[in-house]
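This report describes selected features of the structure shown below.

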Amino acid sequence: MTRVTFALPPQPYEAVIEYGLLERAGVQLREVLGNGPGAAVFVVTAPPVRRWGKKLMASLSGAGFRPKLLEMPDGERHKKLATIEQLAEKLARLGAERNAVIVALGGGVVGDVAGLLASLYMRSVDLVQIPTTVLAQVDASIGGKTGVNLRAGKNLLGTFYQPRAVLIDPAVLSTLPDREFRAGLYEGLKCGVIGRPELFSRLEKVEVRTLRRDPAALEWLIAESVRLKAEVVSADERESGLRRVLNFGHTIGHALEAESGYRRFLHGEAVAWGMIAAASIARSVGTCDGATAQRIIDAVKNFGTLPGVKARSRDVVRLLRADKKTRDGVVHFVLPREIGKVEMVNDVPESVIIAAVDELRRSLK
Ligand SMILES: NC(=O)c1ccc[n+]([C@@H]2O[C@H](COP(=O)([O-])OP(=O)(O)OC[C@H]3O[C@@H](n4cnc5c(N)ncnc54)[C@H](O)[C@@H]3O)[C@@H](O)[C@H]2O)c1
Ligand SMILES: [Zn+2]
């Protein structure tokens, strides 16, 4: 078992990472929430994780809770305010009051929706995250960002709202489709480049299919990614500066997602391309040497083939300038210096960006 502390207001909390943890979720929650009769537990989840929902409900009942289950429809297109309203109406009908605890069981979509719901319902009730995708386990469930999409853009409506605990059980990943599994792993690789050289070294050699069947390796890599995020987020909860290193690979990644109407790539796959582009930009502007850039590119490609890039460079550049993280038209890049160290650069020449995107389009994998 690994415990990682998030030193954040209003109170510090832990992410607990352990294979098989879901079966003991009830006991874990008793530890976090105390033994009083108080808490009324409401599990928010989606149909693809029903099997894990049953296990969770059994574990919660076994620990003396009387949990209720609320399903939301699956998928990014339901990550919208209407879903929050529907869930809130259900909570009210089920008699949820200020002592309610919302448990998010699912991928990043369920986590973001349930998180926002918890921060709004009766002006906020407790939240516990139980992420079930690699992406949510290494990234989305930790750090306290919640949100839904607007037609005008992704994640435009949201709050910072920290959970009381995050329970991470790599065993639930056994039912995750291969493509989703791999896409989440790129965020782990990202953590390696940002600040975990050993994580990077292991991932650059890993065989994804073997990893899926290796509980110890999975637990370790998730724990390392969570530790990295905990360090960064604890130093900068609200993304004023330091937290932006977590956007490594995301500058170009977000633009590729947007350019393709969020249909061509899973988020992690777009970030994978973004990391390749960032490595080649870093080599061009000289923040790192050619060998380091190539190691990053090879590590990304080692996970397997990605949907190809079709975007035209000038469309990507236009989208970069429109990104919500872009201030005053200045595009910020997080570029590697070496494996485990990155820096922010905001004066990358447009010609270098264009060359990097052209290279992606020419890349066969
Ligand atoms: N809050 C944050 O800091 C943060 C960070 C990164 C991403 N996000 C958000 O996370 C979302 C993406 O998350 P995601 O990649 O987990 O996508 P997702 O939640 O859509 O999950 C992907 C698919 O896998 C299914 N699924 C989940 N767990 C499963 C399991 N164990 N077995 C089988 N199927 C399973 C889901 O139901 C869904 O169909 C995006 O909306 C993104 O904006 C948030
Ligand atoms: Zn991401």
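In this predicted model, residues A272, M275, I276, A279 and R283 of helix α11 meet G290, A293, Q294, I296, I297, V300 and K301 of helix α12. By class, the residues of this contact divide into 8 nonpolar, 2 polar and 2 charged. Helix α11 comprises residues 267-285 and helix α12 residues 290-302; their axes come within 8 Å and cross at roughly 170 degrees. An angle over 145 degrees counts as roughly antiparallel, and α11 is therefore roughly antiparallel to α12.

A metal site is also present. The zinc ion (ligand 2) is coordinated by E187 through OE and by H250 and H267 through NE2, at 1.9 to 2.1 Å. The spacing of these donor residues in sequence is E-x62-H-x16-H. Because E187 lies in helix α6 and H250 in helix α10, the pair ties together parts that are 63 residues apart in sequence. The table gives the setting of these two donors.

| Donor residue | Helix | Relative accessible area |

Strand β7 (residues 148-150) runs antiparallel to strand β8 (residues 153-157), and 2 bridges join them. L150 has G153 in β8 as its bridge partner. With 2 residues between them, β7 and β8 form a hairpin.

Conventions:
Residues numbered from 1 in each chain as written. Chains lettered and ligands numbered in written order. Predicted model: local features only at pLDDT ≥ 70, side-chain atom pairs only at ≥ 80, totals over all residues. Heavy atoms only, no water. Donors = N, O, S within 2.8 Å, 3.2 Å for Na, K, Ca; no water. Helix = DSSP H or I, 4+ residues; strand = E, 2+ residues; numbered from the N terminus. Pairing = 2+ DSSP bridges. Axes fitted to C-alpha atoms, helices over the stretch in contact; angles between N-to-C directions. Parallel < 35°, antiparallel > 145°, perpendicular 65-115°, else oblique. Contact = heavy atoms within 4.5 Å. Nonpolar A, V, L, I, M, F, W, Y, C, P; charged D, E, K, R; others polar.
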